[in-house]
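Subject: Structure for you to look at

Hello,

Here is the structure I said I would pass on. Please open it first, and then read the notes below with it on your screen.

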Amino acid sequence: MANKDSLDAEDKYFLKRDMEKMEGHRHELDIKRREEDKKKRSETHWMKCPKCGSGLEEVNQSNVMMDQCPECGGIWLDKGELELLTQGQSEVSKSFFGRLFK
């Protein structure tokens with residue numbers, strides 16, 4: 001009887017160890033899948049106009065690189081670029097916003 005109990009304990013130990021390895025492997029695969037999915041989404045949307053889907057072009061306006069759509073004329077700003085454009089009350093900023101919102 002003692003021999004059967006020790007086999008059960010040994011089986012349980014190896015089963016637990018195998019389950020932990022499988023869980024770790026599954027976790028690694030999940031991370032890899034999420035990274036691949038994020039990369040695919042980025043490739044399909046990178047530098048694409050959210051309005052019409054055309055490729056965006058970078059244009060320099062007042063030393064800020066903005067993304068502009070050659071098809072629909074939309075202008076898209078990355079985080080912090082609007083603040084750079086509105087910084088201070090320089091004539092460059094005033095003339096830019098005057099042209100933009102006329």
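Strands β1 and β2 (residues 64–68) run antiparallel and are joined by five bridges. If you want to check the pairing yourself, start with Glu 58, which stands opposite Asp 67 in β2. Val 59 has Met 66 of β2 as its bridge partner, and Asn 60 is bridged to Met 65, also in β2. The model is a predicted one, so please keep that in mind throughout.

The whole chain

The protein chain has three helices and three strands. Along the sequence they come in the pattern α-β-β-β-α-α. The chain has 102 residues, and 14% of them count as buried. Its accessible surface is about 8,800 Å², with 54% of that belonging to carbon and sulfur atoms. For contacts with a separation of 6 or more, 15% are between residues 24 or more positions apart.

The sheet

The loop between α1 and β1

Met 47 lies in the loop between α1 and β1. Met 47 has a positive phi of about 55 degrees although it is not a glycine. Most residues other than glycine have a negative phi. Met 47 is partly exposed, with a relative accessible area of 23%.

Ser 54 is in the loop between α1 and β1 as well. Is Ser 54 buried or exposed? With a relative accessibility of 18%, Ser 54 counts as buried, because the cut-off for buried is under 20%. Apart from its neighbours within four places in sequence, Ser 54 is in contact with Met 47, Lys 48, Cys 49, Cys 69 and Glu 71. The C-alpha atoms of Ser 54 and Cys 72 are 8.5 Å apart, and the two residues are separated by 18 residues along the chain.

Helix α1

Met 19 is found in helix α1, which covers residues 2–45. Together with Leu 15 and Met 22, Met 19 forms a nonpolar patch on the surface, and the accessible area of the three together is about 310 Å². Met 19 itself is partly exposed, with a relative accessible area of 47%.

How many salt bridges are counted? The count comes to one. It joins Asp 30 and Arg 33, with the closest N and O atoms 3.2 Å apart. Asp 30 and Arg 33 are three residues apart in helix α1, so about one helical turn separates them. Asp 30 counts as partly exposed, at 29% relative accessibility.

The aromatic pair

The count of aromatic pairs also comes to one. The ring centres of Tyr 13 and Phe 14 are 5.1 Å apart and the ring planes are at 75 degrees, so the pair is edge-to-face; the cut-off for that label is over 60 degrees. Both residues are partly exposed: Tyr 13 has a relative accessible area of 49%, and Phe 14 has one of 35%.

That is what I have on this structure.

Regards

Definitions and conventions. Residues are numbered from 1 along each chain as its sequence is written. This is a predicted model: local features need pLDDT of at least 70, side-chain atom pairs count only at pLDDT 80 or more; totals for chains, interfaces and linings use all residues. Side-chain values use heavy atoms; hydrogens and water are left out. Patches are made of residues with over 30% relative accessible area and no salt bridge: like charges are joined within 9 Å, nonpolar side chains (Val, Leu, Ile, Met, Phe, Trp, Tyr) within 5 Å. Accessible areas come from the Shrake-Rupley method with a 1.4 Å probe; for residues, only the protein chains shown count as cover. A salt bridge is a side-chain nitrogen of Lys or Arg within 4 Å of a carboxyl oxygen of Asp or Glu. Helices (H or I, at least four residues) and strands (E, at least two) are DSSP runs, numbered from the N terminus. Buried means under 20% relative accessible area, exposed over 50%, partly exposed in between (1.4 Å probe, protein chains only). Two strands pair if DSSP finds at least two bridges between them. Rings of Phe, Tyr and Trp (its six-membered ring) pair if their centres lie within 6.5 Å; planes under 30 degrees apart count as stacked, over 60 as edge-to-face and the rest as tilted. Contact means heavy atoms within 4.5 Å.
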